[in-house]
Amino acid sequence: MSGNVRSQFLASPGDSGPKPLDSSFPTRGGPALYNGKLYRVTYDNHLVALDMKTGREVWNQKFADKQDGYYSTGAPIVANGVVISGMAGGERTTRGFLDGWDPDTGKKLWRRYTIPAPGEPGSETWPRNSDAWMQGGGPTWRSGSYDPQLDLAYWGTGNAEPYDPRPRRALDSLYTSSVLAIRPKSGEVACYFQYTPNDVYDVDGTDENVLADLQIDGQLRKVMIQANKNGFLYVLDRTNCKLIAAKPYVKVNWATHVDLNTGRPVLTDVYKRFLDGEEVEIWPSRGTNAVPVAFDPDTGLVYASTWDVPRVQKIAPTKSAAPGGNSTGVTSRIPPVRPGDVLGHFVAINPLTGEKKWEVPLTDFPGSAGMLATGGGLVFTGKLTGELVALDAATGKTLWQFKTGSSINSTAITYTHNGRQYVTVASGRGGILASRYTGDRVPTGGSVWTFALMPE
C-alpha cells in the first residue's frame, strides 16, 4: 500500500453475507491454482482438481483412509509442475507423508514419508526391532513454500507420536518436528533441519517457512524464517538447511537456548521432571496458534501474533493404541485465565538478533489471526473479539480498526482491481483453542469483509 494510506485509512466495509459451512469438514488451507485448474485437499483425504471456468471435477484421488487415523486440512502447492499435498493426524498412531501428483491427470508421481523405514537414512533415530516408526507421527498438516531458483519445496513436519518418549526410547525421531527441502520432481530430500529432536512438548515444525534474502555479515543470503511453535524464531540457510540464528520470541522454559553449532536446543530440568512423572508447566504451549507471520524486506522485521500461555503436562498411564487410534501418552491442560491476564502479543522482531522493536499486549484473549505486512508501512491483523486492525509497522500503534461480526482467525489479503486496492478478511469464530478463550462471548459468525482504500 502507498504511504499516504496512513492518513486516509479505509472506506466503509461491504459485507458479502454469511456463508454456511459444514463444520464436519474443516480445512486450514485454501486451494492452489495452476493452468486453469483449482486443486483442493478435502478433510476426508481426497485431492480434487476442478476446472476453474466450469467448476467441473477433472480428477479426484483418495490418498489415505480415515480408519487409519488420517485426515487432511492443509493447502496443496504447485512446484515445478507438480502438485504436492500433505496430511494430518499427528495425535494418532500414523506415519506422515507428502505426495507428488501430475496436475493434468492426477497420477501419483511419488510419496515421501516423513519417517524413514528401517535401513533408510535417519532410521537410526528410531528404536530397532520396533514398529514405533510406523506409528510415529510427523504429519504434514500445513502448507509448504517453494523456491523456483533452487527448485526446492520446503515443508514442515509435526510432532513425534506419542509425546511420551519412552516408546521411542527418547531418540531424536527423525524427521518429526523438522523442515524438509524436497525436490518436486522426485520427492527426494535435499536437506533437512530438525527444530525439536525427541519432541515431547507437541511443538511441531509445521509453521510456514518464509523465504527471504537477508544481509548477513555483509553477504546477501537466501534464508527461510520460521516462528516455531517451540518458542524460538529460526533463520536457516535455505540452500543447505544450516542454522544461522535461533532466538526466543516468547517465554521459553523447556530450553535455555539453541546451540548454533549443533542446532540442538539446550534442555532445562523440565524434561527430566516430566520423565520422572511430575506434572510440569511448559512455556510456551505454542509460540503462535498456527497462523502466518509476515516479513517486511524493507524493515527486515518479522511480524507475529504470539501466544504467552503455558501447557501443563504429565505422562499418562501406559496403554497401547490400535493403528490410527488417539494416543498422545500424556494428560495435559491449559491453566485457567484471570481477567486482565496478558495472553499474547502483536510483535515486531529482528529475526537475526531476536530484538523486539515493539510489542502490543493482548489481554483476556490471545490472537489467532495471521499477519499481513504491506509496502505502505502497515501491518494488518485481527483479534478474537472481532476487530480487524491496521498497525503502524514502525511503532505498532493502531492506526485503524473495524469490528466485524465475529472473531478474526484468518489472515487478511490485499489486492488491486480496476486500479483500486482492497483488503479482504474472513470473520468467524473457530478452532478448539480460540473457542476455548472466547466461549459464547463472541458470535459464531461466518462472513467475508472487503475494505477499499479511499480515493486520493
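Is Pro148 buried or exposed? I looked that up first: Pro148 counts as exposed, at 60% relative accessibility. My cut-offs are under 20% relative accessible area for buried, over 50% for exposed and partly exposed in between, with a 1.4 Å probe and protein chains only.

**Ground rules**

I am working from a predicted model, where local features need pLDDT of at least 70, side-chain atom pairs count only at pLDDT 80 or more, and totals for chains, interfaces and linings use all residues. I number residues from 1 along each chain as its sequence is written, and side-chain values use heavy atoms, with hydrogens and water left out.

**Entry: the whole chain**

I found three helices and 33 strands in the protein chain. The radius of gyration of the chain is 22 Å, close to the 23 Å from the globule rule for 456 residues, so the chain is as compact as a globular protein of that length. That radius is taken over C-alpha atoms, and the rule is 2.2 Å times the number of residues to the power 0.38. Helices here are DSSP runs of H or I with at least four residues, strands are runs of E with at least two, and both are numbered from the N terminus.

I also noted that the C-alpha trace spans about 70 × 50 × 50 Å along its principal axes. Of the 456 residues, 54% are buried. Taking contacts (heavy atoms within 4.5 Å) with a separation of 6 or more, I see 55% between residues 24 or more positions apart.

The accessible surface comes to about 19,600 Å², and carbon and sulfur atoms own 51% of that. The areas are from the Shrake-Rupley method with a 1.4 Å probe; for residues, only the protein chains shown count as cover.

For charges, I have 47 positive and 45 negative, and their mean positions are 2 Å apart. Lys and Arg count as positive, Asp and Glu as negative, and His and the chain ends are not counted. Each charge is placed at NZ of Lys, CZ of Arg, CG of Asp or CD of Glu.

**Entry: strand β8**

How many of the five residues of β8 are buried? I get five of five for this strand, residues 97-101. In a regular strand the side chains alternate between the two faces of the sheet. On one side of β8 I find Phe97, Asp99 and Trp101, on the other Leu98 and Gly100, and all are buried.

Next I checked the neighbours, where strands pair if DSSP finds at least two bridges between them. β7 (residues 82-85) runs antiparallel to β8, with three bridges, and Ile84 stands opposite Gly100. β9 (residues 108-113) is also antiparallel to β8, with five bridges, and here Asp99 faces Arg111. The β8-β9 hairpin has six residues between the strands, and Gly106 has a positive phi near 80°.

**Entry: strand β28**

I repeated this for β28 (residues 378-382): five of five residues are buried, so the strand is largely enclosed by the rest of the structure. Leu378, Phe380 and Gly382 point one way, Val379 and Thr381 the other.

β27 (residues 372-373) joins β28 by two bridges, antiparallel, with Leu372 paired to Phe380. Four residues separate these strands in their hairpin, where Gly377 has a positive phi near 85°. β29 (residues 387-392) joins β28 by five bridges, again antiparallel, and Val379 sits opposite Leu391. The β28-β29 hairpin has four residues between its strands, with Gly386 in the turn at a positive phi of about 110°.

Most residues other than glycine have a negative phi, and most peptide bonds are trans. I went looking for exceptions.

Which bond joins Leu174 and Tyr175? A cis peptide bond does, with omega about 0°; Tyr175 lies in the loop between β11 and β12 (178-182). The bond from Trp283 to Pro284 is cis too, omega near -5°, and Pro284 is in the loop between β20 (280-282) and β21 (294-296).

Asp151 has a positive phi near 55° and sits in the loop between β10 and β11. At 24% relative accessibility, I list Asp151 as partly exposed. Asp204 has a positive phi near 55°, in the loop between β13 (189-194) and β14 (210-216), but Asp204 is buried at 1%.

**Entry: two distances**

Back to Pro148, in the loop between β10 (145-147) and β11 (152-156): Asn80 is 68 residues away in sequence and 7.2 Å away in space, C-alpha to C-alpha. I placed Trp449 in strand β33 (residues 445-452), buried at 11%. Between Trp449 and Leu388 there are 61 residues in sequence and 9.7 Å in space, C-alpha to C-alpha.
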